[in-house]
Amino acid sequence: MRFFETSDEGNPRYYGWLVVGLTFLTMAIGGSIVSTFPIFYVTFLEEFGWSRADTALAFSTSMVTFAIAAGPIGALIDRFGPRVVIPSGVVVLGAGLVLMSAVSSRFTLYLYYGVFVALGVTLIGMVPTSTVVSQWFVRMRSTAMGITHSGRSAGSLILVPLSAFLIGWVGWRSAYLILAAGIVVVLLPINLLFHRRPPSPKNIAPGKAGEDWTLARAIRDQSFWLLFLSGIFQGAAFSIVGVHQVAHMVDIGITKIMAAWLLGFMAIFRAFSGIAGGWIADRVGRRLTFAVASVISLSGILCLMLVSADRWMFVFPFVLLYGIGAGARGTTFVSLKADIFPGRSFGRILGFSQLGAGLASGLGPWFAGYIFDVMGSYQWAFVLVLAMNLLSLLTGVAATRRAARPA
């Protein structure tokens with residue numbers, strides 16, 4: 001495409017911006033399928049009568065799959081590039097959603113969602129898209145990353161209410177078939193046609209010429225393990241809220257459709273703050289932006305802890321604050337990793353740095369469901385979320401002390 005023949009990433013004709021648009025769409029249409037699980041989760045509880053812990057174990061299994069697969073998929077994206085890896089993920093995800101329409105037992109739920117859907121999402125998700133964007137951008141990395149990551153939130157705005165509508169209209173089995181068809185028809189051709197490798201290893205940041213981190217070198221660095229811990233704490237906290245927030249809202253008297261719309265509004269705030277947070281981080285510093293966004297997210301969790309049948313109005317500041325904080329935090333966290341560990345092996349490093357987060361994300365929803373089954377309330381689960389968010393902030397800030405603002 002001759003229109004995009006420029007090497008200036010600040011120029012709208014830079015091909016990297018087309019890649020950003022492509023990864024945004026991929027995350028919006030395919031990656032946001034994860035955000036629909038809380039809606040289907042409530043439906044599974046009603047239809048099959050399983051316990052909350054047992055049903056949440058499907059999401060937990062998916063996070064274990066993500067944890068195990070993220071590192072190898074990072075290596076695959078480094079080796080083969082997005083034109084091979086991401087279309088493969090679209091096919092796997094579509095097949096997984098078709099299988100979900102045939103769920104009849106907890107085992108099939110764990111297998112179809114926890115393995116096939118999870119593997120498909122991982123192949124098109126955060127690790128490959130973040131790696132690709134980091135290879136195209138340095139000076140405007142957080143801005144570009146923010147647009148890409150906001151795709152999942154923007155897609156959730158449509159996909160979550162759409163899933164609730166489809167479940168009520170044609171049933172949850174047909175809803176999965178419709179989602180599968182839409183994802184494959186839209187995402188497969190555009191990812192085959194428009195991806196290409198960046199012209200040079202641009203994820204080596206200014207002032208770090210000659211630095212080309214390998215995975216072996218990264219795992220000997222203290223910052224890697226502090227980021228690893230920060231991801232563990234945040235992964236557990238984020239997944240607990242993600243899986244159980246709709247069930248909690250329904251428990252206090254909010255309808256499923258209303259809860260779906262609230263999640264949609266949260267997605268708007270996350271999308272906006274992901275882009276705005278990236279833009280701010282490129283100008284005032286990524287470490288400071290990460291810390292401020294984490295504090296805002298903590299404030300949202302405090303509001304969630306106050307939500308009850310007679311204090312249901314606290315759900316609105318929760319949606320606002322948690323959406324804003326989570327969006328900006330996620331963008332800057334990945335950008336900081338790319339700043340600290342630049343080079344051609346960033347996909348491997350990013351993938352393996354997510355191992356702990358994935359495993360913790362798997363354990364968190366199951367444990368929160370177990371707490372509810374035993375105590376009849378999510379209150380102590382949300383106390384755990386608050387503590388995990390605080391620990392993630394502290395370890396993340398400690399890890400990023402040496403991540404300088406790019407020139």
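What should the 21 residues of α15 span at 1.5 Å a residue, and how far apart are its end C-alpha atoms? I took the helix from the DSSP runs (H or I, at least four residues; numbered from the N terminus). The expected span, 1.5 Å times one less than the number of residues, is 30 Å, and the end C-alpha atoms of α15 are 30 Å apart, which agrees.

I noted the terms of the work before going on. This is a predicted model, in which local features need pLDDT of at least 70 and side-chain atom pairs count only at pLDDT 80 or more, while totals for chains, interfaces and linings use all residues. Residues are numbered from 1 along each chain as its sequence is written, and side-chain values use heavy atoms, with hydrogens and water left out.

**Helix α15.** I looked up burial (buried under 20% relative accessible area, exposed over 50%, partly exposed in between; 1.4 Å probe, protein chains only). The buried residues of α15 include Gly-356, Gly-364, Pro-365, Ile-371 and Phe-372. Among the elements covering them, by contact (heavy atoms within 4.5 Å), I found α3 (52-80), α10 (222-251), α14 (346-353) and α16 (379-399). Just after α15, Gly-376 has a positive phi of about 75°.

**Rings.** I paired rings of Phe, Tyr and Trp (its six-membered ring) with centres within 6.5 Å; planes under 30 degrees apart count as stacked, over 60 as edge-to-face and the rest as tilted. The count comes to 28 aromatic pairs. Trp-366 is partly exposed at 29% relative accessibility, and Tyr-370 is partly exposed at 42%. I also found one aromatic cluster formed by Phe-40, Phe-44, Phe-48, Trp-50, Trp-172 and Tyr-176.

**Charges over rings.** My rule was NZ of Lys or CZ of Arg within 6 Å of the ring centre and within 35 degrees of the ring normal. Arg-52 lies over the face of Phe-372 at 4.1 Å from the ring centre; Arg-329 lies over Phe-333 at 4.9 Å.

**Cores.** I took a nonpolar core as buried Ala, Val, Leu, Ile, Met, Phe, Trp, Tyr and Cys residues joined through side-chain atoms within 4.5 Å. The largest has 71 residues, and Tyr-41 and Phe-318 are among those with the most contacts inside it. Helix α8 (residues 172-194) gives the most to this core, 8 residues. Leaving aside neighbours within four places in sequence, Tyr-41 contacts residues including Arg-52, Val-243, His-244 and Tyr-378. A second, separate core of 24 residues includes Val-85, Met-126, Met-140 and Met-145.

How values were computed
Helix = DSSP H or I, 4+ residues; strand = E, 2+ residues; numbered from the N terminus.
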